[in-house]
Structure formats: structure tokens, C-alpha cells
Amino acid sequence: MQSKFITLLVMFMLGTGIMGYAQQDLKDRQKKQEKEIKAAYKKKKVSELEYNKLMREQEIIKQAMEDYAADDVWTSKEKNAIYGKLERAEKRLRKYKTNHEIY
């Protein structure tokens with residue numbers, strides 16, 4: 001009985017740690033993306049309009065992350081939604097950086 005309890009406790013602690021890691025990983029990825037956008041704008045790889053669109057998208061992602069974190073539980077659906085938003089933002093940044101326009 002006691003060994004089952006200990007096993008259950010260890011599994012719970014590992015699960016909680018993994019969930020926290022996933023949230024932190026998504027937050028770190030969002031911050032990294034924001035830095036990449038600012039660097040691309042500074043190097044004149046994206047126009048001011050594109051920069052504003054990308055930064056607005058980052059604000060929406062941050063707001064969604066705050067909304068999902070409000071109850072301290074991120075469901076897999078919420079994590080997948082944030083992941084999808086980050087993927088689309090990264091794809092859009094890549095597109096804007098390589099559109100071969102000179103600013």
C-alpha cells in the first residue's frame with residue numbers, strides 16, 4: 001500500500017514538472033520570437049508595417065498565454081493552440097524576411 005502511494009506521488013510530481021516545463025518552453029519560444037522580430041526590423045529585413053503586424057501577433061499570443069495560465073492548468077488543447085500560433089508567427093516572419101524587398 002505504501003509503495004503504491006509513493007509511486008503515485010512520484011508520478012504526480014513528475015507530471016507536474018513536465019507540465020510546468022511545457023509552459024516555460026512555450027514562453028521562452030515566444031520571447032525568442034519577439035527578439036528575432038526586433039532584430040529583423042533593426043537589420044531592415046522587414047518593413048515597419050510588417051514589424052507592426054508581427055508585434056501585434058506576439059501581443060495576441062502573450063494574451064492567450066496569460067488567459068490559459070489564469071487557472072494554473074494548461075490543457076493539451078490550450079498548449080496545442082499556443083504551439084500553432086507560434087508556428088504561424090514563425091512562418092510569417094520567415095516569409096516577411098525573405099520577400100526580397102529593400103527598405
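This is a predicted model: local features need pLDDT of at least 70, side-chain atom pairs count only at pLDDT 80 or more; totals for chains, interfaces and linings use all residues.
Visitor: Fine. Which elements make up the chain, in order from the N terminus?

Guide: Helices (H or I, at least four residues) and strands (E, at least two) are DSSP runs, numbered from the N terminus. Here the order is α-α-α, with three helices and zero strands.

Visitor: Is L93 buried or exposed?

Guide: L93 is buried, because its relative accessibility is 3%. You'll find L93 in helix 3, residues 76-97.

Visitor: And which residues does L93 touch?

Guide: Contact means heavy atoms within 4.5 Å. Leaving out residues up to four places away in sequence, L93 touches E36, I37, A40, V46 and L54. Have a look at Y51 too: L93 and Y51 are 42 residues apart in sequence, with 9.0 Å from C-alpha to C-alpha.

Visitor: What share of the contacts in the chain with a separation of 6 or more comes from residues 24 or more positions apart?

Guide: That share is 72%.

Visitor: Now Q58. Where is it, and what does its side chain make a polar contact with?

Guide: Q58 sits in helix 2, residues 48-69, and is buried, since its relative accessible area is 0%. A polar contact is a pair of N or O atoms within 3.5 Å; within protein, one must be able to donate a hydrogen and the other to accept it, and residues adjacent in sequence count only if both atoms are side-chain atoms. The side chain of Q58 makes one with the side chain of Q33, at 2.7 Å. Beyond four places away in sequence, Q58 touches residues including Q30, E34, I37 and A89.

Visitor: How should I read phi in the loops?

Guide: Most residues other than glycine have a negative phi. K44 is not a glycine, yet has a positive phi of about 60 degrees. K44 lies in the loop between helix 1 (2-42) and helix 2, and counts as exposed because its relative accessible area is 53%.

Visitor: What is the phi of D72?

Guide: D72 also isn't a glycine, and its phi is positive, about 60 degrees. D72 belongs to the loop between helix 2 and helix 3 and is exposed, with 65% relative accessible area.

Conventions. Residues are numbered from 1 along each chain as its sequence is written. Side-chain values use heavy atoms; hydrogens and water are left out. Buried means under 20% relative accessible area, exposed over 50%, partly exposed in between (1.4 Å probe, protein chains only).
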